[in-house]
Every structure is written in C-alpha cells, then in structure tokens.
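Colleague: Please take a single part of this model and go through it closely. I want the helix packing, with the residues around it.

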Amino acid sequence: MKNLKEIQAFISEFGQKLTERKMPKGLFVVLGERNEFAEPFIEIKSGYYQYVVMERGQEITRRKTQDLDELLYWLISNDISKIASNWELRHRKEGKDCRRLIFAKEVELFKKINSTILSIYLKWSDLLFNIGYPKIKHPPIFLLHLQICLHHQILRHEVGLRRAGGIRA
C-alpha cells in the first residue's frame, strides 16, 4: 500500500499532466487530516484506503478499497469535472448539450492519466448514459442535479453492497 505522501505525488503528477498552465490552487490535493468542511480526506487503516467526507461532525461519505487506481479515481474525479466544466464554459456551442461537451472533455482528460482510471470513469458514466440524458435543447438545471444525485446514490449503493459482501472491490 502507498502512503499519503506517495498518493499525493501521484495526484500532483496527474495535475501537472492535465493543466496546461500552472495547477489551479486547491485542485489535486490529498488531505490526510480529518476535517469537517466537506473536503475529502484519506485514511489508511487495516489494509484499506478510506476516502472520507465529513461536514459539521457528520460523516457524509466513506468509501474503502484496496485498489489504488480506484482511490486515485475518487480523488481526481471532482477536479477533472471542474476543469472540464470550466473548459466547456470557454468553448460553449449554441444548440449543443453542455453535458456532452463536458463528458467529451472529461474522457480526454482521463485518457491523459491512464487507461485503468479511464475505464473506472467510463463504467460510471456509461451507467448514467444508460439512465439517459434527455434530448432537450436547453435542459433545466434540475435534470443535471438529478443525474449527479443518481450517480452518488449508485456509488453509495455499491459501497453498501461491498460491505454486505455482494460486490468485490
């Protein structure tokens, strides 16, 4: 198992690969200290990497895995989403569904990292696309939020199944 310093080195390397200019402040950072500001932090316990998010004393998310690539995906997916969304805002095309442009940019960015992390991303995004993006010219923002909520609900469900022994990491 890698320690926090080694994990941060991977994340920093990914950040350098993905950002054309200097790395934006606050992105591609691994926190190893417990915090309660909804910032993910990593714990390494009992042979597992644990990705934890707490807010105001309440644990919101706890995912655990022994797979380093899965942990790295969890750590960088939000940062990649932010980069892709900012890119889409600068390259917006009238009449195009912004989510599809963001998706294409996210795939491009994940490809720059490695094929294993890309496959993890594609597994989850394929699931969302099978749920379906409505073909509305200007979809209401609540649909995007609904899809994000579904994505998080699916992740929580998988974690629950893993804990029950139904899915192997």
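Modeller: Along the sequence, the pattern reads α-β-β-β-α-α-α-α. The protein has 5 helices and 3 strands. These are DSSP runs numbered from the N terminus (helices H or I of at least four residues, strands E of at least two). The model is predicted: local features need pLDDT of at least 70, side-chain atom pairs need 80 or more, and totals for chains, interfaces and linings use all residues. Numbering starts from 1 along each chain as its sequence is written, and side-chain values use heavy atoms, without hydrogens or water.

Of the 169 residues, 37% are buried (under 20% relative accessible area; over 50% is exposed and the range between is partly exposed; 1.4 Å probe, protein chains only). Among contacts (heavy atoms within 4.5 Å) between residues at least 6 apart in sequence, 46% join residues at least 24 apart.

Now H2 and H3. H2 covers residues 68-90 and H3 covers residues 98-113. Their axes come within 9 Å and cross at roughly 130°. Axes are lines fitted to C-alpha atoms, for helices over the stretch in contact, and angles run from 0 to 180 degrees between N-to-C directions. H2 and H3 are therefore oblique to each other. The class scheme is: under 35 degrees roughly parallel, over 145 roughly antiparallel, 65 to 115 roughly perpendicular, the rest oblique. H2 passes H3 in a right-handed crossing. Right-handed means the near helix is turned clockwise from the far one by less than a right angle, left-handed anticlockwise.

The H2 side of this contact includes Tyr73, Ile76, Ile80, Ile83 and Trp87. The H3 side includes Leu101, Ile102, Leu109, Phe110 and Ile113. By class, the contact of H2 with H3 has 12 nonpolar, 3 polar and 3 charged residues. Nonpolar here means Ala, Val, Leu, Ile, Met, Phe, Trp, Tyr, Cys and Pro; charged means Asp, Glu, Lys and Arg; the others, Gly among them, are polar.

H1 also packs on H2. The axes of H1 (residues 4-18) and H2 come within 11 Å and cross at roughly 45°. H1 and H2 are therefore oblique too. Their crossing is right-handed. H1 brings Ile7, Phe10, Ile11, Phe14 and Leu18. H2 brings Leu68, Leu71, Leu72, Leu75, Ile76 and Ile80. This contact has 11 nonpolar, no polar and no charged residues.

Next, Thr19. Thr19 sits in the loop between H1 and strand E1 (41-45). Thr19 is buried because its relative accessibility is 11%. A polar atom of its side chain lies 2.7 Å from the backbone oxygen of Gly15. Leaving out residues up to four places away in sequence, Thr19 touches Pro24, Phe28 and Ile83.

Last, Lys112 in H3. Lys112 is partly exposed, because its relative accessible area is 37%. Lys112 and Lys17 are 95 residues apart along the chain, yet their C-alpha atoms are separated by 7.0 Å. With residues up to four places away left out, Lys112 touches Lys17 and Leu18.

Methods: Polar contact = N/O pair within 3.5 Å; in protein donor to acceptor, adjacent residues only side chain to side chain.
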